[in-house]
Amino acid sequence: MKILIALQRSGSTWVYKYMHQHNVLYHNAEIISPSEFFGPGFHNRIATLKTVDDDQKKYWKKFRKECNIDLSSIDEKINFIIDQHSSGIKYSLKIIPNQIIYHTEIFEDHIKNYDVITLTRKDMWQCCLSRLVQDVTQWQYTHDRNDGVRNILFEQLKNKIILKNFEDEIKATFDNLSYIKNLNSKYNLYYEDLTDDFLYDFFDLPKSMHIHNFNKFDIDYESLIENIDEVRQVYEKYV
């Protein structure tokens, strides 16, 4: 059973789709698994999250009603996953480190049951810029699905943006990276190396499954940011 621990803006939704199919095929994972489970406001936001499939949204709405469980706190989520796992019910999970940063002891004890896959980027500058721009657009246009998302994103950013409070976000990204590097992971993947062919092979899946429906965003983020020099100065403090 595999679990994904990733940086934001490193292709985690892309990799998760393949990992989940691997876990279902080889480890009897639940077909409906909570890909955004540890994200903030999962219990309130799942109906609007564009990275969550409609069948997941229906499942978790029904699940919360039938089981009378809110899933609003990280402690509750971790305990839920542990209890389910001990009962033989296994979910595919992707984690961003800051989601569980104050609960690492119990979480790290639990993930000993998994083969840990880490996912980061070689180009941390682009990783940080992508995250900062997504914050401006409130994470509504995160993936290019051949559905006009790229055009919508550019329409929102047609005037150069001035980033504010960006040091906290840059620091958080490098804190996440530090956590990932210190993990005892079995596999270390990089966004720059990802292709659909690679992921089919890595997870030992037949290409007939037709899993992927995203494209990599090839965006010149620097050209979108008015105060790019200020951002770069802060970024270089953490490199």
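The model is predicted: local features need pLDDT of at least 70, side-chain atom pairs count only at pLDDT 80 or more, and totals for chains, interfaces and linings use all residues. Residues are numbered from 1 along each chain as its sequence is written, and side-chain values use heavy atoms, with hydrogens and water left out.

Select aspartate 109, which is partly exposed at 48% relative accessible area. Its salt-bridge partner is lysine 112, with the closest N and O atoms 3.6 Å apart; a salt bridge requires a side-chain nitrogen of Lys or Arg within 4 Å of a carboxyl oxygen of Asp or Glu. Lysine 112 is exposed, at 65%.

Select next the open sheet of 4 strands, ordered β2-β1-β3-β4 with parallel pairing. The edge strands, β2 (94-95) and β4 (187-190), each pair on one side only. Strands are DSSP runs of E of at least two residues and helices are runs of H or I of at least four, numbered from the N terminus; two strands pair if DSSP finds at least two bridges between them. Within the sheet, isoleucine 5 has isoleucine 95 in β2 as its bridge partner.

Proceed to lysine 186 and aspartate 115, joined by a salt bridge with closest N and O atoms 3.8 Å apart. This pair links distant parts of the chain, 71 residues apart: lysine 186 lies in the loop between α8 and β4, and aspartate 115 in strand β3.

Finish at lysine 122 and aspartate 193, whose side chains meet in a salt bridge (3.0 Å, N to O).

Conventions. Buried means under 20% relative accessible area, exposed over 50%, partly exposed in between (1.4 Å probe, protein chains only).
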